[in-house]
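Have the model open while you read.

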Amino acid sequence: MIPIIAICNHKGGVGKTTTTAHIAYLLAESGNRVLCVDMDSQANLLAHLFPFKTVRAAQENGSDCILIQRSANLSVLPLSFWNASLAEYTTVIQQYNNDKSADIILIDCPPSLETRTLAALDVATHVLIPTHLDRFATMGLRKLLQEIDARNLPILGIFATMTSASANQVMWRENLEASYGSAVLENEITTSRTFSSAATQARVVFEQVKKPNAAMEAYQQITNLLTEKLGLHNG
């Protein structure tokens, strides 16, 4: 069975899509065949990686669930516009697991514990959790972790996104570490305008910024961690 990672949080705007896109790109560049599944009805992952005409075509296809190739090693399965049952979502993802056409599957989940997210957790082998360092994002983790525990899923890591050196964020990081211990990664994705700039051009930061900044280096380190834990190709 290949690794299937649900990238999720019971909270919107914490960097799930950005995380999925950038880790997928780095894994693909290292020689891994990566399949991303866009489970969010807003299709943000699809829009992050493809021009608008591709997103519109996927929307028009609706329930056809046609795989879209971005590069030799990176493709996206848009389930964003398909309204199905939990069992139907898990079945279509499992088909790609069974046919061995990918080395890893990354699922970009919706920002709440709706049917699509629960389906992603049902089919996942691991979970990766980006979060903000604030009260509401931290509260959102509790219900999500109940669902993860109920399925006995291993957590690859919980990590902070869009961070700064503010006293408030330092306090919430301490709270996060006190609550979840070793599951909290040292790596933090610092606030950087380069991510939103790249997304508007349907690109990832690594495609347009030559000199890595701290946030880019953190994503590379998290990807290296996944590569090591899951036995994936490393360049």
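Contact here means heavy atoms within 4.5 Å. The model is predicted.

Q: Which residues of α7 do R135, T138, L141, R142 and L145 in α6 meet?
A: Contact requires heavy atoms within 4.5 Å. On the α6 side, R135, T138, L141, R142 and L145 take part. Their partners in α7 are W172, N175, L176 and Y180.

Q: How are α6 and α7 oriented to each other?
A: Helix α6 spans residues 135–150 and helix α7 residues 167–180. Their axes are 10 Å apart, at an angle of about 15 degrees. Angles under 35 degrees count as roughly parallel. So α6 and α7 are roughly parallel to each other.

Q: What is the orientation of α4 and α5 to each other?
A: The axes of helix α4 (residues 86–98) and helix α5 (residues 115–123) come within 9 Å. They cross at roughly 45 degrees. The contact includes L86, Y89 and I93 of α4 and T115, L118 and V123 of α5. The two helices, α4 and α5, are therefore oblique to each other.

Q: How many aromatic pairs does the structure hold?
A: Rings pair if their centres lie within 6.5 Å. By that cut-off, the number of aromatic pairs in the structure is four.

Q: Why is the pair of Y25 and F206 classed as it is?
A: The ring centres of Y25 and F206 are 6.3 Å apart. Planes under 30 degrees apart count as stacked. The planes of Y25 and F206 are at 10 degrees, so the pair is stacked.

Q: How many residues apart are Y25 and F206?
A: Y25 sits in helix α1 (residues 16–29). F206 is in the loop between α8 (193–200) and α9 (214–230). The pair links distant parts of the chain, and the separation is 181 residues.

Q: Is the pair of F159 and Y219 stacked or edge-to-face?
A: The centres of F159 and Y219 are 6.4 Å apart. Planes over 60 degrees apart count as edge-to-face. The planes here are at 80 degrees, so the pair of F159 and Y219 is edge-to-face.

Q: Is Y25 buried or exposed?
A: Buried means under 20% relative accessible area. Y25 has 14% relative accessibility, so Y25 counts as buried.

Q: Which residues touch the most other members of the largest nonpolar core?
A: The largest nonpolar core has 41 residues. V34 is in contact with residues including A24, L27, I104 and L106. Those touching the most other members are I5, V34 and L106.

Technical notes:
Residues are numbered from 1 along each chain as its sequence is written. This is a predicted model: local features need pLDDT of at least 70, side-chain atom pairs count only at pLDDT 80 or more; totals for chains, interfaces and linings use all residues. Side-chain values use heavy atoms; hydrogens and water are left out. Rings of Phe, Tyr and Trp (its six-membered ring) pair if their centres lie within 6.5 Å; planes under 30 degrees apart count as stacked, over 60 as edge-to-face and the rest as tilted. Helices (H or I, at least four residues) and strands (E, at least two) are DSSP runs, numbered from the N terminus. Buried means under 20% relative accessible area, exposed over 50%, partly exposed in between (1.4 Å probe, protein chains only). A nonpolar core is a set of buried Ala, Val, Leu, Ile, Met, Phe, Trp, Tyr and Cys residues joined through side-chain atoms within 4.5 Å. Axes are lines fitted to C-alpha atoms, for helices over the stretch in contact, and angles run from 0 to 180 degrees between N-to-C directions. Angles under 35 degrees count as roughly parallel, over 145 as roughly antiparallel, 65 to 115 as roughly perpendicular and the rest as oblique. Lists of a residue's contacts leave out its neighbours within four places in sequence.
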